[in-house]
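Please report on the fold, the core and the charged contacts of this protein. Keep it brief, and give the cut-offs behind each term.

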Amino acid sequence: MVGRRLTAQALQRREPERRYPILLTLVAQSATEVLDEIVQLFDQALSARESKAARRMRDALAERAKSGEDRQALLDAILAIVADPAVPDEDVGGLIRDERIGWEWLRSTPSPEPVGRSHSRPARADGSGARGRPLPARASPRRTAVPVSRWCRPSR
């Protein structure tokens, strides 16, 4: 391209009929190159953000799977006690709370996270829902004694 090779002094020596078209062409090509660079920078920034989000989502899903496995192990242990016909109904609570499982395991197992209404967009890692609104506070579970025989053992 002639416009990039010419110095300002050489361009000034040219006649105006040749000088101005060269300058206009140079400005148009420079604008195109700058726009291409801006688009490339935007693409790089978008790609970096997308890979960071994918990494955070992968980590959140791995943590969710791990907590699900912990809850499953606790439920298996509780079911083994509740479904054992050799364990009297009156002893089930004591076995779960103290002897076989214990409060430490019961309290350390996280409760399941609520799933947002949109399954295509899971809840964000910062605790907000799929649309960025904070999730409602979880109500504390009621602690009422329910006889195990009412829901576990077959009726006679």
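## Salt bridge

A salt bridge is a side-chain nitrogen of Lys or Arg within 4 Å of a carboxyl oxygen of Asp or Glu. By this rule the count comes to one. The partners are lysine 66 and aspartate 70, whose closest N and O atoms are 3.5 Å apart.

Both residues lie in helix α3, four residues apart, so about one helical turn separates them. Lysine 66 is partly exposed, at 45% relative accessible area. Aspartate 70 is also partly exposed, at 31%. Here buried means under 20% relative accessible area, exposed means over 50%, and partly exposed lies in between (1.4 Å probe, protein chains only). In general, side chains of opposite charge can pair when their charged atoms come close.

## Model and numbering

This is a predicted model: local features need pLDDT of at least 70, side-chain atom pairs count only at pLDDT 80 or more, and totals for chains, interfaces and linings use all residues. Residues are numbered from 1 along each chain as its sequence is written, and side-chain values use heavy atoms, with hydrogens and water left out.

## Fold

The protein has six helices and zero strands. From the N terminus on, the order is α-α-α-α-α-α. Helices (H or I, at least four residues) and strands (E, at least two) are DSSP runs, numbered from the N terminus.

Of the 156 residues, 15% are buried. Take the contacts (heavy atoms within 4.5 Å) with a separation of 6 or more: residues 24 or more positions apart account for 48% of them.

## Nonpolar core

A nonpolar core is a set of buried Ala, Val, Leu, Ile, Met, Phe, Trp, Tyr and Cys residues joined through side-chain atoms within 4.5 Å. The largest one has nine residues: Leu74, Ala77, Ile81, Val82, Val87, Val92, Leu95, Ile96 and Ile101. Helices α3 (16–82) and α4 (89–99) each supply at least two residues of this core. Helix α3 gives the most, with four. In soluble globular proteins, nonpolar side chains tend to be buried together.

## Helix α4 and isoleucine 96

Which residues of α4 are buried? They are Val92, Leu95 and Ile96. These cover an arc of only 90° around the axis, so they sit on the same side of α4. The arc is that of the directions from the helix axis to the C-beta atoms. The face turned away from the buried side of α4 carries the exposed residues Glu90, Asp98 and Glu99.

Isoleucine 96 is found in α4. Its relative accessible area is 14%, so isoleucine 96 is buried. Leaving aside neighbours within four places in sequence, isoleucine 96 contacts Ile78, Ile81, Val82, Ile101, Gly102 and Leu106. Leucine 106 is ten residues from isoleucine 96 in sequence, and the C-alpha to C-alpha distance is 8.7 Å.

## Charge over a ring

The charged end of arginine 19 sits over the ring of tyrosine 20, 5.6 Å from its centre. The criterion is NZ of Lys or CZ of Arg within 6 Å of the ring centre and within 35 degrees of the ring normal.
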